[in-house]
Amino acid sequence: MLSEQVVVQAPVFQDRAARPVIIKTSGLSRVFRTDEVETTAVDHIDFAVKEGEFVALMGPSGCGKSTLLHLLGLLDAPTSGSYLFLGEEVSGIGERKRVSIRKNNIGFIFQSFNLIDELTVFENVELPLIYAGVAASERRRRVTAVLAKLQMDHRAKHYPLQLSGGQQQRVAVARALVRAPKLILADEPTGNLDSHHGEEVMNTLRQLNEEGSTIVMVTHSEHDARYCHRKQRLLDGKLIGE
């Protein structure tokens with residue numbers, strides 16, 4: 001069990017003002033409607049993330065964190081508002097264009113790992129490259145390199161159920177990284193892990209950020225949020241400050 005005495009220092013972020021903006025939203029909203037009910041999950045959010053930042057999205061369950069993350073990751077489209085991703089307006093684009101931008105620029109890490117049990121570690125990490133039409137030799141090179149980076153190369157022929165939770169999440173991180181995305185979105189990445197394995201995953205994310213990855217992470221954990229440069233808090237679909 002992780003000691004309560006463990007102190008995590010927030011990373012130092014230098015030259016923030018000089019870095020380009022990757023994400024910029026203005027008045028971004030997402031409303032879900034049925035015949036009888038209208039629910040505003042994300043309510044006129046103005047939000048920006050610069051290259052190399054590590055940002056935590058925090059707030060109680062149902063406050064809109066995951067919905068906002070899905071909008072930022074182009075998994076969903078906003079009802080209204082503006083979203084500039086890498087300087088391009090993407091709020092009104094169609095599904096096919098969203099898929100193309102997402103595949104080429106965004107890596108996802110989920111709470112539930114989302115690994116395929118019937119595939120080996122190597123094959124799980126390779127899958128996004130197969131979908132992208134990358135040649136076999138280049139796939140081998142990239143997968144081998146990213147597994148070595150995350151110290152999972154010795155598990156390349158294992159299956160997910162042969163791994164610990166922390167190891168499975170590191171495989172999920174490798175899968176997110178294998179296409180060298182501009183942005184990593186993590187939704188409660190330690191939510192299914194004990195404190196020891198959660199610490200391993202957070203240290204991995206911090207290392208990736210120190211090497212240049214831009215990360216936006218949804219979390220309930222104040223401890224995990226200490227790894228980030230800043231926290232953005234949501235309540236009832238609205239940003240309520242850092």
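These notebook entries record what I looked up in the structure.

**Ground rules**

I am working with a predicted model, in which local features need pLDDT of at least 70 and side-chain atom pairs count only at pLDDT 80 or more, while totals for chains, interfaces and linings use all residues. Residues are numbered from 1 along each chain as its sequence is written, and side-chain values use heavy atoms, with hydrogens and water left out.

**Entry 1: salt bridges**

I began with charged pairs, since side chains of opposite charge can pair when their charged atoms come close. I took a salt bridge to be a side-chain nitrogen of Lys or Arg within 4 Å of a carboxyl oxygen of Asp or Glu, and the structure holds 14 salt bridges.

For each partner I also noted how open it is, where buried means under 20% relative accessible area, exposed means over 50%, and partly exposed lies in between (1.4 Å probe, protein chains only). Arg33 pairs with Glu38, with their closest N and O atoms 2.8 Å apart; Arg33 is exposed at 54% relative accessibility, and Glu38 is exposed at 53%.

I then turned to Asp43 and Lys238, whose side chains meet in a salt bridge at 2.7 Å, N to O. Asp43 lies in strand β2 (residues 38–50) and Lys238 in strand β10 (residues 238–239), so this pair ties together parts that are 195 residues apart in sequence. I named strands and helices as DSSP runs numbered from the N terminus, a helix being H or I over at least four residues and a strand being E over at least two. Asp43 is buried at 16%, whereas Lys238 is partly exposed at 41%.

A further salt bridge joins Glu88 to Lys97, at 2.9 Å between the closest N and O atoms, and here Glu88 is partly exposed at 34% and Lys97 is partly exposed at 38%. I also found that Glu95, Arg98 and Arg102 are joined into one network by salt bridges that share partners.

**Entry 2: helix α2**

Which residues of helix α2 (residues 95–105) are buried? I listed Arg98, Ile101, Arg102 and Asn105. Seen down the axis of α2, the buried residues fall within an arc of 100°, so they line one face of the helix; the arc is that of the directions from the helix axis to the C-beta atoms. The buried residues of α2 pack against β4 (80–85), β5 (88–89), β6 (106–110) and β7 (183–187).

**Entry 3: Thr214**

I looked up Thr214 next, which lies in strand β8 (residues 214–218) and is buried at 2% relative accessibility. Counting contact as heavy atoms within 4.5 Å, and leaving aside neighbours within four places in sequence, I found Thr214 in contact with residues including Ile22, Val49, Gly52 and Leu183. The side chain of Thr214 reaches the backbone nitrogen of Gly52 at 2.7 Å. Thr214 and Val55 are 159 residues apart in sequence, yet 8.5 Å apart in space, C-alpha to C-alpha.

**Entry 4: cysteines**

A disulfide is a covalent bond between the sulfur atoms of two cysteines. How many disulfides are there? With a disulfide taken as a pair of cysteine sulfur atoms within 2.5 Å, I counted zero. Cys63 is in no disulfide, as the nearest cysteine sulfur, that of Cys228, is 15 Å away, which is too far for a bond. Cys63 is buried at 1%, and Cys228 is buried at 3%.

Notes. A polar contact is a pair of N or O atoms within 3.5 Å; within protein, one must be able to donate a hydrogen and the other to accept it, and residues adjacent in sequence count only if both atoms are side-chain atoms.
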